[in-house]
Amino acid sequence: MNVLDCLYPRVCPVCGKRIPITSSFCACCSQPIKHAPCELFPLTDDPLDNFDCFAAPYYYDGIIRQQLLAFKFQNKTSLAKPLGLAMAEHAAAVFCTVSFDCVTFVPMSEDDLRERSFNQSALLAQWVAQTNFIQCSALLQKVKTTPKQHTLSVNERMQNLDQAFQPTDLVQTGSTVLLCDDIKTTGTTLRRCRDALLNAGVKEVYCLTCAMSAYDSLDF
Ligand SMILES: [Zn+2]
């Protein structure tokens with residue numbers, strides 16, 4: 001055990017067992033976890049939007065699904081650390097040739113934020129930024145409350161998010177940004193946020209989530 005393990009002990013968020021500082025889960029709990037490939041994917045299945053700019057460490061299944069649901073809906077904000085560190089490590093590997101000026105996150109509307117009291121994507125983004133020594137800034141705001149995305153069809157999701165995301169004063173023209181969210185399903189939310197950043201003068205936007213699901217499983 002090295003000195004960092006003693007100074008900053010880490011425990012498995014599933015079973016509570018002590019784990020090495022480089023792990024997010026213990027060996028036992030991480031065994032059934034479905035790791036996503038360490039590569040970049042297009043954000044959506046739209047053939048006109050085929051730029052490989054998205055990555056996630058995990059598939060949205062099993063323990064990861066349970067942990068993300070507990071994080072988001074049962075206020076288990078302590079899960080931001082292991083999940084955010086897994087994202088940070090994945091980002092360091094998969095985006096190793098990209099030099100980011102800023103990490104940002106998918107914003108929540110003021111009403112939704114008041115209801116939940118935290119933005120899970122912001123908490124994850126902060127761990128990603130801090131671990132990789134990049135600044136984290138709120139580059140986007142959600143200007144109207146929209147119906148929950150998962151209650152809508154793909155086409156309705158598109159319309160629902162039109163104009164919902166607006167840039168803040170913190171956007172820097174010509175910058176390269178890493179946009180974080182908790183889960184990617186269709187990629188619609190991330191795509192709208194990316195487009196809002198590009199329209200505001202950001203040069204390049206890459207996207208990172210904790211988990212990605214197949215396009216046909218929209219049941220979370
Ligand atoms: Zn465990």
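Trainee: Is Arg192 buried or exposed, and how many other C-beta atoms lie within 10 Å?

Mentor: First, a caution: this is a predicted model, in which local features need pLDDT of at least 70 and side-chain atom pairs count only at pLDDT 80 or more, while totals for chains, interfaces and linings use all residues. Residues are numbered from 1 along each chain as its sequence is written. Burial is read by counting other C-beta atoms, placed from the backbone, within 10 Å of a residue's own: 20 or more is buried, 12 or fewer is exposed, and anything in between is partly exposed. Arg192 has 21 such atoms and is therefore buried. Arg192 lies in helix α8, and its C-alpha atom is 8.3 Å from that of Ala164, 28 residues away along the chain.

Trainee: Which helix holds Asn199, and is Asn199 buried or exposed?

Mentor: Asn199 also belongs to helix α8, which covers residues 188–199. Here the count is 12, so Asn199 is exposed. Its C-alpha atom is separated by 9.9 Å from that of Thr173, 26 residues apart along the chain.

Trainee: What is the secondary structure of the protein, and what share of its residues is buried?

Mentor: The elements are DSSP runs numbered from the N terminus, with helices (H or I) of at least four residues and strands (E) of at least two. The protein has eight helices and ten strands. Of its 220 residues, 35% count as buried. Contacts are defined by C-beta atoms, placed from the backbone, lying within 7 Å. Among contacts with a separation of 6 or more, 71% join residues 24 or more positions apart.

Trainee: How is a pair of packed helices described, and at what angle do α4 and α6 pack?

Mentor: Two packed helices are described by the angle between their axes and the distance between the axes. The axes are lines fitted to C-alpha atoms, for helices over the stretch in contact, and the angle runs from 0 to 180 degrees between N-to-C directions. For α4 (residues 80–94) and α6 (residues 120–131), the angle is about 50° and the axes are 8 Å apart. Angles under 35 degrees count as roughly parallel, over 145 as roughly antiparallel, 65 to 115 as roughly perpendicular and the rest as oblique. The two helices α4 and α6 are therefore oblique to each other. From α4, the contact includes Leu83, Met87 and Ala91, and from α6 it includes Leu124, Trp127 and Val128.

Trainee: Which residues have the most contacts inside the largest nonpolar core?

Mentor: Such a core is a set of buried Ala, Val, Leu, Ile, Met, Phe, Trp, Tyr and Cys residues joined through C-beta atoms within 7 Å. The largest one has 48 residues, and Met87, Val128, Cys180, Leu208 and Cys210 have the most contacts inside it. Elements giving two or more residues to this core include α3 (62–73), β9 (176–184) and β10 (204–212). Helix α4 supplies the largest share, eight residues. Beyond its neighbours within four places in sequence, Cys210 is in contact with several residues, among them Tyr58, Leu83, Met87, Leu124 and Ile183.

Trainee: What does Ala125 touch, and is Ala125 buried or exposed?

Mentor: Ala125 is in helix α6 and, with 30 C-beta neighbours inside 10 Å, counts as buried. Apart from residues up to four places away in sequence, Ala125 touches Val103, Thr104, Phe105, Cys136 and Cys180. The C-alpha atoms of Ala125 and Leu178, 53 residues apart along the chain, are 8.9 Å from each other.

Trainee: Where are Asn75 and Ser117 found?

Mentor: Asn75 is in the loop between α3 and α4, and has a positive phi of about 55° although it is not a glycine. With 13 C-beta neighbours inside 10 Å, Asn75 is partly exposed. Ser117 lies in the loop between α5 (110–116) and α6, with a positive phi near 75°. Its 8 C-beta neighbours inside 10 Å make Ser117 exposed.

Key:
Contact = placed C-beta atoms within 7 Å.
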